[in-house]
Amino acid sequence: MAQALRLAELGLNSTSPNPRVGCVIVRDGQVIGEGWHQRAGTPHAEVHALNQAGAAARGATVYVTLEPCSHHGRTPPCAEALIAAGVGRVVAAMRDPNPQVAGRGLVQMEAAGINVDCGLLEEPARELNIGFVSRMTRGRPWVRAKAAASLDGKTALANGVSQWITGPAARQDVQAWRARACTILTGVGTVLADDPQLNVRAVETPRQPLRVVVDSQLRTPPSAKILRGGALIVCANDDAAKRQALQDAGAEVLVLPGADGRVDLTRLLQTLAEREVNEVMVEAGAALNGALLAAGLVDELVLYLAPMLLGDTARGLFALPALSKMDERTDLILRDVRLVGKDMRVIARVG
(Lines give C-alpha, C1' and ligand atoms only; values in the text may rest on other atoms or scores of the structure.)
Protein backbone atom coordinates (compact mmCIF):
# COMPACT_ATOMS: atom_id res chain seq x y z
CA MET A 1 0.00 0.00 0.00
CA ALA A 2 2.92 2.33 0.69
CA GLN A 3 4.11 1.74 -2.88
CA ALA A 4 0.58 2.41 -4.16
CA LEU A 5 0.60 5.73 -2.30
CA ARG A 6 3.96 6.63 -3.83
CA LEU A 7 2.50 5.92 -7.26
CA ALA A 8 -0.57 8.02 -6.48
CA GLU A 9 1.68 10.96 -5.63
CA LEU A 10 2.91 10.97 -9.23
CA GLY A 11 -0.47 12.44 -10.13
CA LEU A 12 -0.21 15.25 -7.57
CA ASN A 13 -0.28 18.00 -10.21
CA SER A 14 -2.30 16.36 -12.95
CA THR A 15 -5.38 14.37 -11.88
CA SER A 16 -7.70 17.22 -10.88
CA PRO A 17 -10.66 17.14 -10.63
CA ASN A 18 -10.22 13.42 -10.07
CA PRO A 19 -8.52 12.01 -6.96
CA ARG A 20 -4.88 10.87 -6.93
CA VAL A 21 -4.88 7.06 -6.95
CA GLY A 22 -2.23 4.37 -7.12
CA CYS A 23 -2.57 0.61 -7.47
CA VAL A 24 -0.25 -2.38 -6.97
CA ILE A 25 -1.13 -6.01 -7.81
CA VAL A 26 0.71 -8.78 -5.97
CA ARG A 27 0.82 -12.51 -6.57
CA ASP A 28 2.88 -14.97 -4.50
CA GLY A 29 4.72 -12.08 -2.86
CA GLN A 30 5.76 -10.53 -6.17
CA VAL A 31 4.49 -7.31 -7.78
CA ILE A 32 2.98 -8.24 -11.14
CA GLY A 33 1.30 -4.97 -12.01
CA GLU A 34 1.17 -1.37 -10.90
CA GLY A 35 -0.25 1.91 -12.12
CA TRP A 36 -1.44 5.38 -11.20
CA HIS A 37 -4.16 7.67 -12.43
CA GLN A 38 -2.54 10.32 -14.59
CA ARG A 39 -5.27 12.64 -15.79
CA ALA A 40 -9.08 12.92 -15.84
CA GLY A 41 -10.52 11.09 -18.82
CA THR A 42 -7.65 8.59 -18.99
CA PRO A 43 -7.63 5.06 -17.51
CA HIS A 44 -7.66 4.77 -13.73
CA ALA A 45 -4.84 3.28 -11.69
CA GLU A 46 -6.48 -0.16 -11.47
CA VAL A 47 -6.76 -0.42 -15.27
CA HIS A 48 -3.06 0.38 -15.77
CA ALA A 49 -2.13 -2.23 -13.16
CA LEU A 50 -4.43 -4.88 -14.62
CA ASN A 51 -3.06 -4.30 -18.11
CA GLN A 52 0.46 -4.81 -16.80
CA ALA A 53 -0.48 -7.94 -14.84
CA GLY A 54 -2.45 -9.55 -17.65
CA ALA A 55 -3.80 -13.05 -17.01
CA ALA A 56 -1.65 -13.34 -13.87
CA ALA A 57 -4.11 -11.01 -12.11
CA ARG A 58 -6.52 -13.93 -11.61
CA GLY A 59 -6.49 -14.79 -7.91
CA ALA A 60 -4.02 -11.99 -7.09
CA THR A 61 -4.24 -9.34 -4.37
CA VAL A 62 -4.87 -5.73 -5.39
CA TYR A 63 -3.75 -2.80 -3.22
CA VAL A 64 -5.41 0.47 -4.18
CA THR A 65 -5.34 3.83 -2.39
CA LEU A 66 -9.04 4.58 -2.97
CA GLU A 67 -12.08 2.37 -3.26
CA PRO A 68 -12.49 1.30 -6.91
CA CYS A 69 -15.22 3.27 -8.65
CA SER A 70 -18.54 1.59 -9.38
CA HIS A 71 -20.13 4.18 -11.69
CA HIS A 72 -19.73 5.14 -15.33
CA GLY A 73 -17.97 8.51 -15.55
CA ARG A 74 -15.40 9.47 -18.18
CA THR A 75 -14.20 5.84 -17.95
CA PRO A 76 -15.90 2.49 -17.13
CA PRO A 77 -16.15 1.28 -13.51
CA CYS A 78 -12.93 -0.14 -12.06
CA ALA A 79 -14.86 -2.47 -9.75
CA GLU A 80 -16.24 -4.24 -12.83
CA ALA A 81 -12.76 -4.47 -14.34
CA LEU A 82 -11.39 -6.11 -11.20
CA ILE A 83 -14.28 -8.58 -11.11
CA ALA A 84 -13.77 -9.43 -14.78
CA ALA A 85 -10.05 -9.99 -14.15
CA GLY A 86 -10.88 -12.53 -11.45
CA VAL A 87 -8.72 -11.01 -8.69
CA GLY A 88 -8.91 -12.79 -5.37
CA ARG A 89 -8.58 -9.92 -2.91
CA VAL A 90 -8.82 -6.13 -2.95
CA VAL A 91 -7.33 -3.98 -0.18
CA ALA A 92 -8.41 -0.32 -0.33
CA ALA A 93 -6.87 2.41 1.80
CA MET A 94 -10.15 4.29 2.14
CA ARG A 95 -13.73 4.46 0.96
CA ASP A 96 -14.48 6.85 -1.87
CA PRO A 97 -16.25 9.95 -0.45
CA ASN A 98 -17.97 10.49 -3.80
CA PRO A 99 -21.69 9.85 -3.18
CA GLN A 100 -21.82 8.04 -6.54
CA VAL A 101 -19.46 5.42 -5.08
CA ALA A 102 -19.48 5.63 -1.25
CA GLY A 103 -18.96 1.94 -0.54
CA ARG A 104 -20.79 0.59 -3.57
CA GLY A 105 -17.59 -0.53 -5.25
CA LEU A 106 -16.60 -2.58 -2.22
CA VAL A 107 -20.06 -4.12 -1.93
CA GLN A 108 -20.11 -4.94 -5.64
CA MET A 109 -16.79 -6.76 -5.44
CA GLU A 110 -17.78 -8.63 -2.28
CA ALA A 111 -20.97 -9.78 -3.99
CA ALA A 112 -18.80 -11.16 -6.80
CA GLY A 113 -16.85 -13.27 -4.29
CA ILE A 114 -13.78 -11.08 -3.93
CA ASN A 115 -12.27 -10.80 -0.44
CA VAL A 116 -12.37 -7.06 0.39
CA ASP A 117 -10.58 -5.09 3.11
CA CYS A 118 -10.56 -1.32 3.67
CA GLY A 119 -8.64 1.02 5.96
CA LEU A 120 -4.96 0.16 5.44
CA LEU A 121 -2.92 3.44 5.59
CA GLU A 122 -6.17 5.37 5.45
CA GLU A 123 -4.77 8.58 6.96
CA PRO A 124 -2.03 9.22 4.36
CA ALA A 125 -4.45 8.26 1.62
CA ARG A 126 -6.95 10.83 2.90
CA GLU A 127 -4.25 13.49 3.18
CA LEU A 128 -3.20 12.90 -0.40
CA ASN A 129 -6.75 13.67 -1.56
CA ILE A 130 -7.77 16.13 1.12
CA GLY A 131 -9.23 18.55 -1.42
CA PHE A 132 -11.28 15.88 -3.19
CA VAL A 133 -12.58 14.65 0.16
CA SER A 134 -13.48 18.22 1.16
CA ARG A 135 -15.38 18.85 -2.06
CA MET A 136 -17.31 15.60 -1.79
CA THR A 137 -18.16 15.82 1.92
CA ARG A 138 -18.42 19.60 2.58
CA GLY A 139 -19.36 20.98 -0.81
CA ARG A 140 -16.35 23.29 -0.90
CA PRO A 141 -12.65 22.97 -1.71
CA TRP A 142 -9.81 22.66 0.77
CA VAL A 143 -8.48 26.18 1.36
CA ARG A 144 -4.75 26.56 1.95
CA ALA A 145 -3.54 30.11 2.71
CA LYS A 146 0.10 30.81 1.91
CA ALA A 147 2.01 33.81 3.22
CA ALA A 148 5.59 34.97 3.57
CA ALA A 149 6.45 36.99 6.66
CA SER A 150 9.23 38.07 8.96
CA LEU A 151 9.65 36.37 12.32
CA ASP A 152 7.56 39.14 13.87
CA GLY A 153 4.70 38.27 11.49
CA LYS A 154 5.01 41.14 9.01
CA THR A 155 4.41 40.69 5.30
CA ALA A 156 5.53 44.08 3.96
CA LEU A 157 6.85 47.44 5.04
CA ALA A 158 4.38 50.19 5.86
CA ASN A 159 4.92 51.61 2.36
CA GLY A 160 3.97 48.28 0.77
CA VAL A 161 7.42 47.06 -0.21
CA SER A 162 7.57 43.27 0.20
CA GLN A 163 10.12 41.89 -2.27
CA TRP A 164 11.82 39.84 -1.15
CA ILE A 165 11.14 38.74 2.40
CA THR A 166 11.92 35.08 1.78
CA GLY A 167 14.77 33.50 -0.14
CA PRO A 168 14.91 31.62 -3.47
CA ALA A 169 14.36 28.18 -1.91
CA ALA A 170 11.10 29.27 -0.26
CA ARG A 171 9.88 30.89 -3.47
CA GLN A 172 10.62 27.68 -5.37
CA ASP A 173 8.73 25.70 -2.74
CA VAL A 174 5.70 27.95 -3.33
CA GLN A 175 5.75 26.91 -6.99
CA ALA A 176 5.27 23.28 -5.96
CA TRP A 177 2.24 24.21 -3.83
CA ARG A 178 0.79 26.21 -6.74
CA ALA A 179 1.27 23.30 -9.11
CA ARG A 180 -0.87 20.96 -7.01
CA ALA A 181 -3.62 23.55 -6.48
CA CYS A 182 -6.67 23.79 -8.74
CA THR A 183 -7.13 27.49 -8.07
CA ILE A 184 -4.98 30.41 -6.91
CA LEU A 185 -7.11 32.97 -5.07
CA THR A 186 -6.05 36.55 -4.46
CA GLY A 187 -7.53 39.96 -3.77
CA VAL A 188 -7.61 43.06 -5.91
CA GLY A 189 -5.32 44.82 -3.44
CA THR A 190 -2.55 42.37 -4.27
CA VAL A 191 -3.20 42.78 -8.00
CA LEU A 192 -2.99 46.58 -7.76
CA ALA A 193 0.07 46.58 -5.51
CA ASP A 194 2.19 43.83 -7.10
CA ASP A 195 0.65 43.03 -10.53
CA PRO A 196 1.47 39.33 -10.06
CA GLN A 197 0.97 36.55 -12.60
CA LEU A 198 0.31 33.89 -9.92
CA ASN A 199 1.02 31.08 -12.35
CA VAL A 200 3.22 27.99 -12.02
CA ARG A 201 6.79 28.55 -13.11
CA ALA A 202 9.91 26.35 -12.88
CA VAL A 203 7.81 23.30 -11.96
CA GLU A 204 6.76 20.79 -14.60
CA THR A 205 2.97 20.68 -14.76
CA PRO A 206 0.47 19.74 -17.48
CA ARG A 207 -1.94 22.49 -16.42
CA GLN A 208 -2.10 25.93 -14.88
CA PRO A 209 -4.43 26.57 -11.94
CA LEU A 210 -7.39 28.85 -12.39
CA ARG A 211 -6.54 32.36 -11.15
CA VAL A 212 -9.37 34.01 -9.20
CA VAL A 213 -9.44 37.63 -8.03
CA VAL A 214 -11.83 38.85 -5.32
CA ASP A 215 -12.61 42.35 -6.55
CA SER A 216 -15.81 43.82 -5.11
CA GLN A 217 -15.76 47.03 -7.19
CA LEU A 218 -14.12 45.68 -10.39
CA ARG A 219 -10.93 47.68 -9.90
CA THR A 220 -8.71 45.14 -11.69
CA PRO A 221 -7.13 46.89 -14.69
CA PRO A 222 -7.59 45.11 -18.04
CA SER A 223 -3.79 45.28 -18.44
CA ALA A 224 -3.14 43.22 -15.28
CA LYS A 225 -0.71 40.35 -15.78
CA ILE A 226 -3.01 37.94 -13.96
CA LEU A 227 -5.48 38.18 -16.86
CA ARG A 228 -2.97 36.71 -19.32
CA GLY A 229 -4.23 33.25 -20.13
CA GLY A 230 -7.57 33.93 -18.48
CA ALA A 231 -8.79 34.56 -14.95
CA LEU A 232 -12.01 34.73 -12.98
CA ILE A 233 -12.86 38.11 -11.47
CA VAL A 234 -15.47 37.91 -8.70
CA CYS A 235 -17.24 41.12 -7.78
CA ALA A 236 -20.06 42.30 -5.53
CA ASN A 237 -21.13 45.34 -7.55
CA ASP A 238 -21.50 44.92 -11.28
CA ASP A 239 -20.49 47.64 -13.70
CA ALA A 240 -21.28 46.91 -17.35
CA ALA A 241 -18.44 48.98 -18.81
CA LYS A 242 -15.78 47.60 -16.44
CA ARG A 243 -17.08 44.08 -16.89
CA GLN A 244 -16.91 44.36 -20.67
CA ALA A 245 -13.36 45.72 -20.55
CA LEU A 246 -12.25 42.80 -18.38
CA GLN A 247 -14.02 40.29 -20.60
CA ASP A 248 -12.33 41.81 -23.64
CA ALA A 249 -9.02 41.22 -21.83
CA GLY A 250 -9.86 37.52 -21.47
CA ALA A 251 -11.39 37.43 -18.00
CA GLU A 252 -14.61 35.86 -16.84
CA VAL A 253 -16.60 38.06 -14.47
CA LEU A 254 -18.84 36.57 -11.78
CA VAL A 255 -21.13 38.64 -9.56
CA LEU A 256 -21.55 37.23 -6.03
CA PRO A 257 -22.74 40.00 -3.71
CA GLY A 258 -22.78 39.43 0.02
CA ALA A 259 -24.88 41.09 2.69
CA ASP A 260 -22.05 43.48 3.60
CA GLY A 261 -21.59 44.81 0.07
CA ARG A 262 -18.51 42.68 -0.48
CA VAL A 263 -18.06 39.37 -2.28
CA ASP A 264 -19.84 36.45 -0.61
CA LEU A 265 -16.80 34.26 0.07
CA THR A 266 -18.82 31.23 1.15
CA ARG A 267 -20.78 31.27 -2.11
CA LEU A 268 -17.54 31.74 -4.00
CA LEU A 269 -16.07 28.55 -2.56
CA GLN A 270 -19.31 26.68 -3.20
CA THR A 271 -19.22 27.90 -6.80
CA LEU A 272 -15.63 26.73 -7.19
CA ALA A 273 -16.64 23.31 -5.85
CA GLU A 274 -19.41 23.18 -8.45
CA ARG A 275 -16.66 23.79 -11.02
CA GLU A 276 -14.84 20.73 -9.63
CA VAL A 277 -12.12 22.65 -7.81
CA ASN A 278 -10.52 20.50 -5.10
CA GLU A 279 -7.75 22.67 -3.64
CA VAL A 280 -7.56 26.46 -3.39
CA MET A 281 -4.31 28.21 -2.60
CA VAL A 282 -4.76 31.73 -1.26
CA GLU A 283 -1.98 34.20 -2.03
CA ALA A 284 -3.39 37.46 -0.79
CA GLY A 285 -2.91 40.35 1.59
CA ALA A 286 -4.10 40.85 5.13
CA ALA A 287 -7.61 41.97 4.12
CA LEU A 288 -8.66 38.86 2.18
CA ASN A 289 -6.67 36.55 4.47
CA GLY A 290 -8.47 38.03 7.46
CA ALA A 291 -11.90 37.87 5.82
CA LEU A 292 -11.48 34.21 4.91
CA LEU A 293 -10.18 33.34 8.37
CA ALA A 294 -12.97 35.26 10.12
CA ALA A 295 -15.55 33.44 7.99
CA GLY A 296 -14.11 30.06 8.99
CA LEU A 297 -13.09 29.29 5.42
CA VAL A 298 -9.34 28.70 5.88
CA ASP A 299 -8.40 25.07 6.49
CA GLU A 300 -4.62 25.23 6.43
CA LEU A 301 -1.81 27.78 6.61
CA VAL A 302 1.52 27.52 4.80
CA LEU A 303 3.69 30.21 6.34
CA TYR A 304 7.26 31.02 5.32
CA LEU A 305 9.00 32.90 8.11
CA ALA A 306 12.19 34.72 7.25
CA PRO A 307 14.95 35.32 9.84
CA MET A 308 14.39 39.07 10.09
CA LEU A 309 12.34 41.64 11.99
CA LEU A 310 10.38 44.37 10.21
CA GLY A 311 8.98 46.26 13.17
CA ASP A 312 5.64 47.28 14.60
CA THR A 313 4.53 49.59 11.76
CA ALA A 314 4.98 46.95 9.02
CA ARG A 315 1.94 45.18 7.58
CA GLY A 316 0.60 42.05 9.26
CA LEU A 317 -0.67 38.69 8.08
CA PHE A 318 -4.38 38.90 8.87
CA ALA A 319 -6.71 41.87 9.19
CA LEU A 320 -8.88 40.72 12.08
CA PRO A 321 -10.91 42.58 14.70
CA ALA A 322 -9.30 43.15 18.09
CA LEU A 323 -9.92 40.43 20.66
CA SER A 324 -11.11 41.15 24.17
CA LYS A 325 -10.83 37.58 25.51
CA MET A 326 -8.29 34.83 24.93
CA ASP A 327 -11.01 32.32 24.07
CA GLU A 328 -11.75 34.39 20.94
CA ARG A 329 -8.38 33.46 19.49
CA THR A 330 -7.83 31.23 16.46
CA ASP A 331 -6.12 28.02 17.54
CA LEU A 332 -3.80 26.20 15.16
CA ILE A 333 -2.55 22.62 14.99
CA LEU A 334 1.04 22.38 13.81
CA ARG A 335 1.49 19.75 11.11
CA ASP A 336 5.02 20.38 9.90
CA VAL A 337 7.88 22.74 10.71
CA ARG A 338 11.10 22.70 8.69
CA LEU A 339 13.80 24.86 7.14
CA VAL A 340 13.44 25.67 3.45
CA GLY A 341 16.69 27.31 2.52
CA LYS A 342 17.28 30.04 5.10
CA ASP A 343 13.57 30.36 5.94
CA MET A 344 11.28 28.36 8.21
CA ARG A 345 8.16 26.80 6.72
CA VAL A 346 5.26 26.20 9.08
CA ILE A 347 2.23 24.16 8.01
CA ALA A 348 -0.67 24.44 10.43
CA ARG A 349 -4.34 23.46 10.39
CA VAL A 350 -6.96 25.80 11.73
CA GLY A 351 -8.32 24.16 14.86
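## A loop residue to start with

Is Ala 102 buried, partly exposed or exposed? In this predicted model, Ala 102 comes out as partly exposed, since its relative accessible area is 46%. You'll find Ala 102 in the loop that runs between β4 and α4. Its backbone is worth a look too: phi sits near 40°, a positive value in a residue other than glycine.

## Another positive phi

Asp 195 isn't a glycine either, yet it has a positive phi of about 45°. Look for Asp 195 in the loop between α8 (188–194) and β9 (210–214). With a relative accessible area of 28%, Asp 195 is partly exposed.

## A cis bond

Now go to the loop between α1 and β1, where Pro 17 lies. The peptide bond leading from Ser 16 into Pro 17 is cis, and its omega is near 10°.

## Inside the cores

The largest nonpolar core has 36 residues, and the ones touching the most other members are Ile 25, Val 87, Val 90 and Met 109.

Zoom in on Ile 25. Leaving aside residues up to four places away in sequence, Ile 25 touches Gln 30, Val 31, Ile 32, Gly 33, Ala 49, Leu 50, Ala 53, Ala 60, Thr 61 and Val 62. There's also a second, separate core, this one made of 32 residues, including Val 263, Leu 265, Ala 284 and Leu 288.

Definitions and conventions: Residues are numbered from 1 along each chain as its sequence is written. This is a predicted model: local features need pLDDT of at least 70, side-chain atom pairs count only at pLDDT 80 or more; totals for chains, interfaces and linings use all residues. Side-chain values use heavy atoms; hydrogens and water are left out. A nonpolar core is a set of buried Ala, Val, Leu, Ile, Met, Phe, Trp, Tyr and Cys residues joined through side-chain atoms within 4.5 Å. Buried means under 20% relative accessible area, exposed over 50%, partly exposed in between (1.4 Å probe, protein chains only). Contact means heavy atoms within 4.5 Å. Helices (H or I, at least four residues) and strands (E, at least two) are DSSP runs, numbered from the N terminus.
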